[in-house]
Amino acid sequence: MLTDDQVSVTATVSESLTFSISDNSIGFGTLSTSAARYATGDTSGTTSEAEAHTLVVGTNASNGYTMAVNGSTLTNGAFTISAIGSSNTASSAGSEQFGIRMTATGGSGTVTAPYASSGFALDTAAFPDQVASATGSSASTTYSVRYLANIASSTEAGSYTSTLTYTATANF
């Protein structure tokens, strides 16, 4: 026989992180000294700045998340196209540059400097380098990623590649 008319109910919600990428094969097409090239999902590239793909991150972790990039600059055997570095830099056709920039929509995530401005950066010396974060739980934030490549007249001919790895880590 019960002497109480109340029921105690409990539940637990596990901490979680969601992370997705819209396209993992992008390209610039043929690079030229006369105009900047921007990567596209169809791998043909364009001379107009374009979104190459998106990254979507969300978490219910009370301390948010951190997203980083790791990898290398564009390489062709021993030859490289210089990564822009740790400063947000404008495109400069005729000079070697490889970089990224990002914008964020939705959720509470933000792009980390130097990747957040109108120029481009790629700090391979700091890899893995933080590119975005949220300081608290966040509905999904969509990060639009843009890639820039420029070459100099002395850039060695050939096929250049890079593999960049993005990781999102919840701050549980």
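# Briefing: cores, a pocket and some local contacts

Let's start with Tyr166: leaving out residues up to four places away in sequence, Tyr166 touches Phe19, His53, Leu55, Ala68, Val69, Ile100, Val145 and Tyr147. (Touching, or contact, means heavy atoms within 4.5 Å.) What you have here is a predicted model, where local features need pLDDT of at least 70 and side-chain atom pairs count only at pLDDT 80 or more, while totals for chains, interfaces and linings use all residues. Residues are numbered from 1 along each chain as its sequence is written, and side-chain values use heavy atoms, with hydrogens and water left out.

**The nonpolar cores**

- Tyr166 is back again in the largest nonpolar core, which has 30 residues; Tyr166 is among those with the most contacts inside it, along with Met67, Phe98, Met102, Val131, Tyr143 and Tyr147. (Such a core is a set of buried Ala, Val, Leu, Ile, Met, Phe, Trp, Tyr and Cys residues joined through side-chain atoms within 4.5 Å.)
- Strand 3 (53-59), strand 4 (65-71), strand 8 (97-105), strand 10 (120-122), strand 11 (129-134), strand 12 and strand 13 each give two or more residues to this core. (Strands are DSSP runs of E, at least two residues, numbered from the N terminus.)
- The biggest giver is strand 12, with four residues in this core.
- A second, separate core has five residues, including Ala36, Ile84, Phe120 and Leu148.

- Asn150 sits in strand 12, which covers residues 138-150.
- Asn150 counts as buried because its relative accessibility is 0%. (Buried means under 20% relative accessible area, exposed over 50%, partly exposed in between, using a 1.4 Å probe and protein chains only.)
- Beyond residues up to four places away in sequence, Asn150 touches, among others, Ala35, Arg37, Ile81, Ser91 and Glu96.
- The side chain of Asn150 makes a polar contact of 2.7 Å with the side chain of Gln97. (That is a pair of N or O atoms within 3.5 Å; within protein, one must be able to donate a hydrogen and the other to accept it, and residues adjacent in sequence count only if both atoms are side-chain atoms.)
- A polar atom of the Asn150 side chain also lies 3.5 Å from the backbone nitrogen of Ala36.
- Thr141 is in strand 12 too, and at 0% relative accessibility Thr141 counts as buried.
- The side chains of Thr141 and Ser138 are joined by a polar contact of 3.5 Å.
- If you skip neighbours within four places in sequence, Thr141 is in contact with residues including Leu55, Val57, Tyr65, Ala104 and Gly107.

**The largest pocket**

- The largest pocket holds about 600 Å³ of space. (A pocket, on a 1 Å grid over the protein atoms alone, is an open set of points where a 1.4 Å probe fits, with protein on both sides within 12 Å along at least five of seven lines; lining residues have an atom within 4 Å of a point. Points are joined across faces, edges and corners, and the volume is the space filled by probe spheres set on them.)
- Its lining has 30 residues, and Ile26, Gly27, Phe28, Leu74 and Ser162 lie nearest the centre.
- Strand 1 (17-21) and strand 13 (164-170) are the elements giving two or more residues to that lining, and strand 13 has the largest share, three residues.
- By type, the lining splits into 15 nonpolar, 13 polar and two charged residues. (Nonpolar covers Ala, Val, Leu, Ile, Met, Phe, Trp, Tyr, Cys and Pro; charged covers Asp, Glu, Lys and Arg; the others, Gly among them, are polar.)

**Asn88 and Pro114**

- Asn88 belongs to strand 7 (residues 85-89) and is partly exposed, with a relative accessible area of 30%.
- The Asn88 side chain reaches the backbone oxygen of Pro114 at 2.6 Å, and one of its polar atoms lies 2.9 Å from the backbone nitrogen of Gly119.
- Pro114 is in the loop between strand 9 (110-111) and strand 10, and the peptide bond from Ala113 to Pro114 is cis, with omega near 10 degrees.

**Other loop spots**

- Phe127 to Pro128 is a cis peptide bond, with omega near -5 degrees; Pro128 is in the loop between strand 10 and strand 11.
- Thr43 isn't a glycine, yet has a positive phi of about 65 degrees. You'll find Thr43 in the loop between strand 2 (37-38) and strand 3, where it counts as partly exposed at 38% relative accessibility.
- Ser159 lies in the loop between strand 12 and strand 13 and is exposed, with a relative accessible area of 59%.
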